[in-house]
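Please keep the sequence and the coordinates in view while reading.

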Amino acid sequence: MKIALPANIMGSLGEFQSDSLVNGNLVRDIKELNCNDGEVSKIDFKTSPRFAGIKPLEKKVWLASPTMHKEEREWVDEAIRTNWVSTVGANINEVEKQVAEYVGCNYSVGLSCGTTALHLAVRLAGEKIYGVPKVGHGSLEGRRVFAADMTFFATVNPITYEGGEPVFIDTERETWNMDPAALEKAFELYPDVKLIVIAHLYGTPSKIDEIRSIADAHGALIVEDAAESLGASYKGKQTGTFGDFSIISFNGNKIITGSAGGMFLCSDKSDADKIRKWSTQSREAAPWYQHEELGYNYRMSNIIAGVIRGQLPHLEEHIAQKKAVFERYRDGLADLPIKMNPFDAENSVPNYWLSCMIIDEDAMTPQVRGDMDFMYRSEHGKSCPQEILEALSAFNAEGRPVWKPMHMQPIYENHGFVKASDDGIDVGADIFRRGVCLPSDNKMTAEEQNVLIEIIHRCFK
Ligand SMILES: Cc1ncc(COP(=O)(O)O)c(C=O)c1O
């Protein structure tokens, strides 16, 4: 049986092949998709005999949705009642204090979101390393910056906002974060680099000691993106304390949320003061609007801080719920040819923000992804991420592919990408090809999760 691939998939094949994607697996998958008999996407899961007896979940299970308690409303109400609804107020002061205490850093500055926190962190790092740029210029203009590759887009864009050029560092398999071996290699290729931006994917701490010692050996600063990992720790210290400058996010999908919001974390008062000043339009201490530096409107609002203030007492509870979700998947899927997203159990405690799985290579059915679309073949005993995601969606649950690596994104396709060895596999592309972010909502019941676990089993039938 021959299958015509959609034009958008065909159109992107040249690019994928020249990327030597996952050592020829894509080329094999395309051939198999064209040659073998079997069921080809799109499958009607609700009527397929493989899924007989499974009913769609009554209430949608999300990947990760906000979980409100009652205290949020009290602090927001108080802000409204007392008329402190702007970017000043007791909620902001209190969440800055509580987060700094919880994380174990000296200073924190509440900002409008994780992305703005990263922008100011990266700008500040650029100024420390290269000096204050001329007005109208970024602090990283013409400079390369090493950046995590398998992460959310927002981790790396601030480098670009500041005129820098991210060079992406491949991923290791033990934590799915920046590979120290690839970072070492990158310094051989680009010895002048002085800034590294790392992230802790899905709430799993990176190989922090190795990365820090490489950074120190090369006199480089680290910006730590702990947006997804609030509450996760490494060797007894919380993430958010390992960067020269660090950030967290209170986006609606995070372990706790303010509906939005983010925070800059650091150890020096002067850095915190600088970020606070920049985030409120860089006003000088004059009786009128007086400006010596570029300004931003990036400060957290006291309303958002009220929501965060109400969430903070529930952080540990959310982490425990996420851990239970992870463990139920781990145990319920133990008989399948898959593995859960890994972490360094000896040295770190994740916050289990997202539970993910990766399908063993020999249990992968052919799957081809273009820029916008995909095809796969359904085969007995095998499956692939797109089949699992479609099946979950058909029964009312939201999963997602593992974050597509930055070096595979069209916007960054001409940027450097460094693997641990030249002839080695592209690990990020491989995890993206075989990995799935599972519905990880902390409000999902064990019964609902059992249905999801059964759906995943049926995908391999
Ligand atoms: C790793 C990572 N970095 C940065 C961000 C950006 O945070 P925000 O959405 O608060 O701007 C997010 C997610 O939202 C993220 O997952």
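Is Ser282 buried, exposed or partly exposed? Ser282 is partly exposed, because 16 other C-beta atoms lie within 10 Å; by the definition used here, a residue is buried with 20 or more other C-beta atoms within 10 Å of its own, exposed with 12 or fewer, and partly exposed in between, the C-beta atoms being placed from the backbone. This is a predicted model, in which local features need pLDDT of at least 70 and side-chain atom pairs count only at pLDDT 80 or more, while totals for chains, interfaces and linings use all residues. Residues are numbered from 1 along each chain as its sequence is written.

Ser282 sits in the loop between α9 (269–279) and α10 (302–311), helices here being DSSP runs of H or I with at least four residues and strands runs of E with at least two, numbered from the N terminus. The phi angle of Ser282 is near 50°, a positive value in a residue other than glycine. Tyr352 also has a positive phi, near 60°, and is likewise not a glycine. Tyr352 belongs to the loop between β12 (348–349) and β13 (356–359), and with 26 C-beta neighbours inside 10 Å it counts as buried.

Turning to the ligand, 14 residues surround it, and the closest are Cys113, Gly114, Thr115, Ala227 and Ser249; a residue is near a molecule if its C-beta atom, placed from the backbone, lies within 6 Å of it. Both α5 (114–130) and α6 (153–161) supply at least two residues each to this shell. By residue class, the shell divides into five nonpolar, seven polar and two charged residues, where Ala, Val, Leu, Ile, Met, Phe, Trp, Tyr, Cys and Pro count as nonpolar, Asp, Glu, Lys and Arg as charged, and the others, Gly among them, as polar.

Over the whole chain, the secondary structure comes to 14 helices and 18 strands. The radius of gyration is 23 Å, close to the 23 Å that the globule rule gives for 461 residues, so the chain is as compact as a globular protein of that length; the radius is taken over C-alpha atoms, and the rule is 2.2 Å times the number of residues to the power 0.38. Of the 461 residues, 51% count as buried.

As for confidence, the mean pLDDT is 93, and 91% of the residues reach 70 or more, pLDDT being the predictor's confidence in each residue, from 0 to 100. Over residues 10–23, however, pLDDT stays under 50. Where pLDDT is low, the predicted coordinates should not be read in detail.

Technical notes: Contact = placed C-beta atoms within 7 Å.
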